[in-house]
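Here is a quick briefing to go with the sequence and the 3D view. Have a look at both, then read on.

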Amino acid sequence: PPPNPTQPNHHERGGEKKKNAIRANPAPPARARSPSFLPPPTPSSISIKKEASRDRAPLRSLRPFLSSCPQPASRQRRPARGEDERWHRRPRARPRRSSSCSPSPSPASSPTAPTTATSSATPSRSTPTRSAPSTTPGETYRYFDLPFCSPEKVKEKSEALGEVLNGDRLVDAPYKLDFRTDHDSKAVCPKKLTKEDVAKFRNAVAKDYYFQMYYDDLPLWGFIGKVEKGGKPDPSEWKYYLYRHIIFDILYNNDRVIEINVHTDQSALVDLTEDKEVNVDFLYTVKWKETPTPFEKRMEKYSSSSNMPHHLEVHWFSIINSCVTVLLLTGFLATILMRVLKNDFVKYAHDEEAADDQEESGWKYIHGDVFRFPKNKSLFSAALGTGTQLFALTTFIFLLALVGVFYPYNRGALFTALVVIYALTSGIAGYIATSFYCQLEGTNWVRNLLLTGCLFCGPLFLTFCFLNTVAIAYSATAALPFGTICVIVLIWTLVTFPLLVLGGIAGKNSKSEFQAPCRTTKYPREIPPLPWYRTTVPQMAMAGFLPFSAIYIELYYIFASVWGHRIYTIYSILFIVFIILLIVTAFITVALTYFQLAAEDHEWWWRSFLCGGSTGFFVYGYCLYYYYARSDMSGFMQTSFFFGYMACICYAFFLMLGMVGFRAALFFVRHIYKSIKCE
């Protein structure tokens, strides 16, 4: 079910740090503008159905669940004071994926070891009439962009490449959470809010902004205020309140932190309705409690959310649906296609013994053209090499996920893995593209190599430039710093491009020849007129529909995890769906290639690639449906980020599945023409 409106259940990409961090992120859309109190769920049941929240009274405070993964004793450390804060503004929320737990740092021996945290706040709109997952917050801002109590000099934490790409900006928070030291209504600072400050807070409260913090690598969330509508439809008559007292409830076992929750004191409110100066005393309370929960199980709450029975039923239904599709398609090929091929073999063998003056028809009689090299063979080879690289990248990412690298809240781990693995696999693209280009008797292999390097990186770079400019205009943390951009450019210059060149040189020197069972005639045979449904676009529509129908159920959970706050941990099921996707794509491409050859259309090279990759267009079409029907995203920044980066992802899908479709079709064509006698 979608995240509970009473709890900002957004799941940012997590990651461990030796220092705890507190970060603020945008809250998922709530059903009511004002948050209400919910006790932290137990480890065995962390998801709260939205139906149950409809009948709840307006939230009085927020207590999100949190936990972390087991960690080796060699990395123990004791939680201590200090936190980092930042706030994000995300107009909507989205589910996130996660994986099995990996080690995370434990408390140090020193009870006063500093802990870090980041906090962030984001707006989320209420959707009382629609049961939709929260969409990913596209706008994230620093915590101190709102006029909270801030030190004279904000101390920022060093971050890994993946964390920066994820939009994390960790800074020290003004709260001191010493290990097993309670504080009751301790003052953070007295602050006089100007009219401009009041307007900023009121705007954030009206949009349901919330903050996110980290303590000992455990995330915690809370709304910064609430709206009391009083049953009045006119927003000008609503009351806006700021929470000024934050209460931290921390559970520990021996010398290790097990869980941390945060909620607010409903009696400590600041009225922000009017534009006037307000004096505010910000307070916080810390309560430590012992728990028998072992340290190794503190992350189970996150990883178990995807393993709830009703979630598993949906996932298994998706697998069964995909398997049925594969079985039907396999049965079609086995009973129809192979029988037709057998009849063709018998017919062609009989024709060889018959008179030579009979009319020629069928796929055998284009054997002199079927292996004629395609047009734009440099572009074709580059697309094949890039698709192979993306396939290798996807395979390595799945392997890392299955071994538990991408556990919940491993901040930036996925982005780091994508950048590093893409750089290291560039040699595969260079080798495949150049070797195949030389097999097609291409001569300008250097141009082909440069085209291979820019075929995917070029559109991705242009999209990034536009979206990063938008993020800079919005002053969001999604805008990459100049130093990070330089690091990425250096990785591409010093790692990606050299490996691409080395792979190209190896491919050129491989001196392999294209294996064609039949000789190609000097002049191409004329293709007979074909009905409209045998043209490229209708064939692509038919080829993309079946693979998409095999993955569309699981696709929802992927979108909810990439563009929302849902945690995804069932990577094994996702891997099975990915294998089914490859099988269905290969089978449907082979079937359509046979029908194309049977109609004496020998230009199957590009057609097989386009039919295999057409699933990417269906996925992008699903993006439109998800945006308008299943999410609450709005605003230019969120819309541009969603459609911009999804266009790049679908383009990668197109190249990868196109390569799979062509390889399957090439294997099939070689097989059938080896089985007949070609003159």
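Two residues are in contact when they have heavy atoms within 4.5 Å of each other. Of the contacts in the chain with a separation of 6 or more, 86% come from residues 24 or more positions apart. Bear in mind that this is a predicted model, where local features need pLDDT of at least 70, side-chain atom pairs count only at pLDDT 80 or more, and totals for chains, interfaces and linings use all residues. Residues are numbered from 1 along each chain as its sequence is written, and side-chain values use heavy atoms, with hydrogens and water left out.

**The chain as a whole**
- You'll find 16 helices and twelve strands here; these are DSSP runs (helices are H or I with at least four residues, strands are E with at least two), numbered from the N terminus.
- Of the 679 residues in the chain, 57% are buried (under 20% relative accessible area, with exposed being over 50% and partly exposed in between, using a 1.4 Å probe and protein chains only).

**Around T386**
- T386 sits in helix 6, which covers residues 377–402, and it counts as buried because its relative accessibility is 0%.
- A polar atom of the T386 side chain lies 2.9 Å from the backbone oxygen of A382, and one lies 3.5 Å from the backbone oxygen of T452.
- Neighbours within four places in sequence aside, T386 is in contact with A429, T452, L455, F456 and L655.

**Around S640**
- S640 belongs to helix 16 (residues 636–674) and is buried, at a relative accessible area of 10%.
- Its side chain reaches the backbone oxygen of M637 at 2.9 Å.
- S640 and L467 are 173 residues apart along the chain, yet 7.0 Å separates their C-alpha atoms.
- Not counting residues up to four places away in sequence, S640 touches F466, L467, V470 and Y645.

**Salt bridges**
- Side chains of opposite charge can pair when their charged atoms come close.
- The whole structure has ten salt bridges (a side-chain nitrogen of Lys or Arg within 4 Å of a carboxyl oxygen of Asp or Glu).
- D172 and K157 form one of them, with their closest N and O atoms 3.0 Å apart.
- D172 is in the loop between helix 2 and strand 4 (183–193) and K157 in the loop between strand 3 and helix 2, so the pair ties together parts 15 residues apart in sequence; both residues are buried.
- R607 and D601 meet in another, at 3.5 Å from N to O; R607 is buried at 10% relative accessible area, and D601 is buried at 4%.

Technical notes
Polar contact = N/O pair within 3.5 Å; in protein donor to acceptor, adjacent residues only side chain to side chain.
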